[in-house]
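Notebook open. I wanted to look up pockets and charged pairs in this one.

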Amino acid sequence: MMKKIFKNFINVILIVMMLSVYIIEPMSVAAKGKNTLGGLKEDLITLQNKKAAADASKRATEAEIRAKNDAIYKANKEIETAKIKIEEAKVEISNSNKKIEELTKKTNELMTFYQIMSGENSYLEYVTDSASMTELIMRLDAVDQLAGYNKNLLTELEELIKKNEKLEVDMTKYQNELNSNINSYNQKLATLGNDLSALVDTSLDINDEIKAQKILIDTYTKMGCKENQDLDECMLSAGNSTWFKPLNYGRITSEWGYRYSPITGKAEFHNGIDIGGNAEGTPVYSATNGTVAFILPRQRCGGNQVYIYSNVAGKRYTVYYVHLLTVNVTSGQAVTPNTVIGTVGGGRGTSGWETCSTGAHLHFGVANGYYKIDYIYYNSLISNNIKPPGFPGYGVAFYSRTQWF
């Protein structure tokens with residue numbers, strides 16, 4: 001009985017082990033995910049969604065900029081109207097001041113006359129000198145009207161003065177408010193302009209990344225890679241034990257790391273080394289065995305660019321060659337250190353369509369991992385960037401492809 005139980009237990013263990021081969025292993029392969037053609041397609045959707053969001057933000061920012069520009073235009077028109085009103089107010093104030101002077105003079109005269117008339121003897125003499133009762137009543141009434149008229153003049157004078165003071169205050173306040181609005185709008189426009197510039201730059205970067213992702217997907221599809229097949233297995237690129245120089249001769253004209261950009265004049269991270277000393281058209285070799293991942297042709301900033309996946313001493317790298325005049329390889333092509341991948345550019349030959357080069361040279365860069373497989377965004381390429389190994393310092397030349405520093 002115990003033998004039978006033990007035998008059944010062993011059978012169960014064997015079944016579990018067999019199932020682990022067919023079930024658990026495929027799950028582990030699927031867990032790799034991103035290192036497959038299907039994973040690349042998922043990343044492409046991520047990039048496209050990011051671009052759609054950036055485009056939506058760009059449209060919203062542009063609409064807000066238009067609204068602020070309209071508000072500034074309207075405020076400027078209101079300022080022009082306010083200036084006209086202020087000039088009209090100044091004329092009105094000037095006329096009012098003249099009227100105030102006239103009323104003040106008339107009021108002073110009336111006050112003098114009224115004071116004289118209010119004197120006991122003068123008033124009695126004026127009243128009692130009447131020829132008849134009717135004239136007496138008329139003279140008494142005239143004195144009352146004079147007193148009332150004088151009172152009305154004083155009231156009108158006071159109201160004019162208050163009106164002028166309020167008009168000056170209101171117009172000044174109105175113009176200050178409009179100017180304040182315009183300053184506020186301009187500050188907001190400056191912020192929106194910066195936001196839009198960032199969105200435009202981001203959008204352009206995403207366009208390039210989407211283009212590179214599509215090229216990479218097309219490359220692996222043409223190579224016959226299956227949807228869930230590990231790309232390393234599909235690529236089967238030869239390994240490397242060391243690095244070669246991409247040129248037979250060169251002088252380091254700009255080192256890896258932070259520097260003052262010769263283009264912008266600002267401190268920027270230089271994600272590679274610049275190798276000068278060669279004329280345009282000089283052959284550029286692959287520094288390693290590998291597979292051409294993708295090619296970005298005729299970039300406004302960077303010229304023709306070739307990105308190659310390489311495995312050196314068991315580590316995955318993306319090696320890229322920038323400012324090329326011509327490209328001699330195709331996506332998916334296997335390369336060796338003897339493969340001429342292109343020619344040196346960056347000088348007069350590319351000046352008509354490339355704006356980010358100061359002369360003929362090769363920009364040579366190396367990053368950990370496979371760009372577009374291990375990570376998909378360009379800023380991740382920069383964060384994984386490393387100093388290309390084996391090169392001399394600034395201003396120093398190398399004289400062979402195997403010379404190590």
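My entries on the pocket and the salt bridges follow.

Ground rules: this is a predicted model, where local features need pLDDT of at least 70, side-chain atom pairs count only at pLDDT 80 or more, and totals for chains, interfaces and linings use all residues. Residues are numbered from 1 along each chain as its sequence is written, and side-chain values use heavy atoms, with hydrogens and water left out.

Pocket. I get 43 lining residues, with Asn271, Cys301, Gly302, Cys356 and Tyr378 nearest the centre. Helix α4 gives the most to the lining, seven residues.

Salt bridges. I find four (a side-chain nitrogen of Lys or Arg within 4 Å of a carboxyl oxygen of Asp or Glu). Glu227 pairs with Lys41 at 3.2 Å, N to O. They sit 186 residues apart, Glu227 in the loop between α4 and α5, Lys41 in helix α2.

Next, Lys51 and Asp55 meet at 2.7 Å, N to O. They are four residues apart in α2, so about one helical turn separates them. Asp55 is buried (under 20% relative accessible area) at 17%.

Last, Asp374 bridges to Arg316, closest N and O atoms 2.9 Å apart. Asp374 lies in the loop between β11 and α6 and Arg316 in strand β8, so the pair ties together parts 58 residues apart in sequence.

Conventions
1 Å grid on protein atoms, 1.4 Å probe; cavity = no way out; pocket = protein on both sides within 12 Å on 5 of 7 lines; lining within 4 Å. Helix = DSSP H or I, 4+ residues; strand = E, 2+ residues; numbered from the N terminus. Buried < 20%, exposed > 50% of the residue type's maximum accessible area, 1.4 Å probe, protein only.
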